[in-house]
Amino acid sequence: MADTQQVDPKAERKVAKLAKQIDAFAKAHGGAEGQVAHIGERGARIVLVGEDGGWGDLVAPSRPIAEQAVHKAGITVHEAFDGEFAGKVKTGRYEWARMAGIQVGGPSNS
């Protein structure tokens with residue numbers, strides 16, 4: 001029986017591009033770990049945390065594409081963003097000011 005699974009070239013290109021971005025992040029931060037989260041119709045968010053505590057994220061058009069990208073990049077993927085994994089994130093004054101501003105309905109004045 002022949003394999004009839006169709007390969008979507010556009011999806012393959014997106015997976016390759018995301019994997020390349022994940023690799024670049026990992027190289028810039030001494031390695032990386034990630035977590036994939038569904039964000040509704042927009043797709044999936046790939047949260048990255050570097051070994052140095054730096055963090056960032058990428059958005060993929062679907063969860064399968066996000067999962068393929070992190071697999072292709074070869075990083076450790078966590079089921080949830082909690083506990084020890086979340087504790088690796090290092091935040092600075094900017095992030096704390098932004099979070100405080102969001103909580104009170106606007107930018108922080110500090």
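Is glutamine 35 buried or exposed, and what is its relative accessibility? Here are some friendly notes on this predicted model, starting with that residue.

1. Glutamine 35 sits in strand β1. Its relative accessibility is 9%, so it counts as buried, the cut-off for that class being under 20%. Beyond its neighbours within four places in sequence, glutamine 35 touches Arg45, Ile46 and Val47, and also Val77, His78, Glu79, Ala80, Phe81 and Phe85.

2. Two of those contacts deserve a look of their own. Searching the whole structure turns up one aromatic pair. It joins phenylalanine 81 and phenylalanine 85: the ring centres are 5.2 Å apart and the planes meet at 80°, so the arrangement is edge-to-face. Phenylalanine 85 is buried, at a relative accessible area of 3%, whereas phenylalanine 81 counts as partly exposed at 37% relative accessibility.

3. Now for the sheet. It is open and built from four strands in the order β3-β2-β1-β4, with mixed pairing. At its edges are β3 (55-60) and β4 (76-78), each of which pairs on one side only. From one strand to the next, the twist averages 25°. As background, strands of a sheet pair through backbone hydrogen bonds, in either a parallel or an antiparallel way.

4. One place to begin is alanine 44, whose bridge partner in β3 is alanine 60.

5. Two helices accompany the sheet. Helix α1 (residues 9-28) packs on it, touching β1 (32-38), β2 and β3, and its direction makes about 180° with that of β3. Helix α2 (residues 63-73) lies across β1, β2, β3 and β4, and runs at about 170° to β1.

6. Which residues have the most contacts inside the largest nonpolar core? They are Ile22, Ile46 and Leu48, in a core of 20 residues. Elements giving two or more residues to this core are α1, β1, β2, β3 and α2; the most come from α1, which gives seven. In soluble globular proteins, nonpolar side chains tend to be buried together.

7. Isoleucine 46 brings us back to the opening question. Leaving aside neighbours within four places in sequence, isoleucine 46 is in contact with Gln35 and Val36, with Ile22, with Gly56, Asp57 and Leu58, and with Ala66 and Val70.

Key. Residues numbered from 1 in each chain as written. Predicted model: local features only at pLDDT ≥ 70, side-chain atom pairs only at ≥ 80, totals over all residues. Heavy atoms only, no water. Pairing = 2+ DSSP bridges. Axes fitted to C-alpha atoms, helices over the stretch in contact; angles between N-to-C directions. Contact = heavy atoms within 4.5 Å. Buried < 20%, exposed > 50% of the residue type's maximum accessible area, 1.4 Å probe, protein only. Phe/Tyr/Trp six-rings, centres within 6.5 Å; stacked < 30°, edge-to-face > 60°. Core = buried A, V, L, I, M, F, W, Y, C linked by side-chain atoms within 4.5 Å.
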